[in-house]
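Here are my notes on the model you sent. Please read them with the coordinates open.

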Amino acid sequence: MHAFTWRRAARCRPTRTPHSPTVGETGCRSNLKTLYSFHKGIGRYNIRGAEIHNGLSTFNPMPKDTLDTPELPDTPEPQAVCNTVTRSAIFIVATLASGQDAAEKVREWCGDVAALVRSVGKRVPSGNLSCVCGFGSDAWDTLFGAPRPARLHPFREFGEGERRAVRTPGDILLHIRADQTDLCFELATQLVGRLGDAISVVDEVHGFRYFDMRSMVGFVDGTENPTGRAVADFTLIGGEDPEFAGGSYVITQKYLHDMAGWNALSVETQEGIIGRRKLSDIELDAAVKPSSSHSSLTTIDDANGDEVKILRDNMPFGRPGAGEFGTFFIGYARSPEPIEQMMENMFVGRPPGNYDRLLDFSRAVTGGLFFVPSATLLEALADRDPQAATTAADQQPDTSSSAEPRHDGSISQNE
Ligand code: HEM
């Protein structure tokens, strides 16, 4: 079974490919079968249209009446990666304490997360509480051993000097979202409390939604996120790494802004830097949009020339009294590569030197890459014995040189 490829989803985007079919027209309708087979591989939730509430995932992108299909075998259920945006979020990055006791405690905790989300979330059913947990590359090996997610590696740095995407310590990421701050706060308290001295929190950011979905720099943020079924298609691992199907990769960066410098620019200059109109959020016409605009540099294509998207849920944060004004960037994808390509374009430039001017007013002070297991796997990891798992994986035949083509959304030119 092959996963849905990037290019099919990209063709459904009328703004960038005006001559290709939009949803409801022939091209995308004919892709329904492909979509169906892709989803079959990653989650029962979107095939049956059933709402599954385990506290980690409530996303249900497939309309109930779209496909009338028979019962499907159990497949991994994703964490709440694809949940809708909320009013509040808490981002916690922690490092793992050394020693077997700490590792054992974190593994046990993996089995408790869903129940804690349910307990806190049930008290305010309309609050949309969810939590996504991710693990860094080194932490994965310590906690769970082999097998490991195919594309998990330490955060890659880009740029140099003042304009640099820095890597900072981080073994565990918690992305807690809700429409009320109290829900996020209570869940963070419970999750961190249960981990106790097995971790040290190295970064904690409380984000808020700023007016009409605006980022700290005053522009609407999130407009070009994928929507509908494309959300899962661009963010959830499918057949390309079957043991980790339903999982995702997530990259986070905490940015601090020079708001005095940014606000000293004319609105027109700011619009050229972002690539969209500030008030209306409408994309600048191609004839006037600079190739260095944030929007241009973060628009990338695969080897076939089809657009590759990521799912962002950035949040403004800050402390005016301390002169702190920031954006917590968070991007999900089914491979780290598209996000890394975007960072390279922003920090180094496309072509090199033609960099993102937003970075003249925004400094990345943290950077981390994490793997987000499916909710099903997260729960199962509680019982993982890393030694036994590694030994068993060593005895598996090596299938890495399989003749099967990859359909993982890679932007590699070699596909
Ligand atoms: C200082 C931090 C950042 C701020 C304030 C910011 C803000 C924005 C804004 C206002 C937009 C336009 C509206 C939209 O489509 O969402 C945008 C678009 C976008 N941003 Fe960022 N962003 C930041 C960092 C990043 C980073 C680090 C990445 C990826 C590595 C990224 C990826 C994207 C993408 C993919 C788009 C959509 C481009 C398009 O299709 O037009 N952003 N961002």
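The points below run from the overall fold to single elements.

1. **Basis.** This is a predicted model: local features need pLDDT of at least 70, side-chain atom pairs count only at pLDDT 80 or more, and totals for chains, interfaces and linings use all residues. Residues are numbered from 1 along each chain as its sequence is written.

2. **Overall.** The protein chain holds 15 helices and 14 strands. Helices (H or I, at least four residues) and strands (E, at least two) are DSSP runs, numbered from the N terminus. Of its 415 residues, 45% count as buried. Buried means 20 or more other C-beta atoms within 10 Å of the residue's own; exposed means 12 or fewer; partly exposed lies in between; C-beta atoms are placed from the backbone. Among contacts with a separation of 6 or more, 75% join residues 24 or more positions apart. A contact needs C-beta atoms, placed from the backbone, within 7 Å.

3. **Cores.** The largest nonpolar core has 80 residues, and Cys131, Cys133, Ile172, Leu174 and Leu187 touch the most other members. Strand 1 (residues 88-96) gives the most to this core, seven residues. A second, separate core has eight residues, including Met216, Phe325, Leu358 and Phe361. A nonpolar core here is a set of buried Ala, Val, Leu, Ile, Met, Phe, Trp, Tyr and Cys residues joined through C-beta atoms within 7 Å.

4. **Ligand shell.** Which residues come nearest to the ligand? They are Phe219, Thr223, Glu224, Thr298 and Met342, out of 27 around it. Near means a C-beta atom, placed from the backbone, within 6 Å. Strand 7 (248-257), helix 12 (294-297), strand 12 (324-333) and helix 13 (337-347) each give two or more residues to the shell.

5. **Strand 14.** Five of the five residues of strand 14 (residues 368-372) are buried, so the strand is largely enclosed by the rest of the structure. Gly368, Phe370 and Val372 point one way, Leu369 and Phe371 the other. Strand 14 runs antiparallel to strand 7, with five bridges joining them. Strands pair if DSSP finds at least two bridges between them.

6. **Helix 11.** Gln270, Glu271, Ile273 and Ile274 are buried in helix 11 (residues 267-274). They cover an arc of only 160° around the axis, which puts them on the same side of helix 11. The arc is that of the directions from the helix axis to the C-beta atoms. The buried residues of helix 11 pack against helix 12. Exposed Glu268 and Thr269 sit on the face turned away from the buried side of helix 11. Just after helix 11, Gly275 takes a positive phi of about 95°.

Key:
Two residues are in contact if their C-beta atoms, placed from the backbone, lie within 7 Å.
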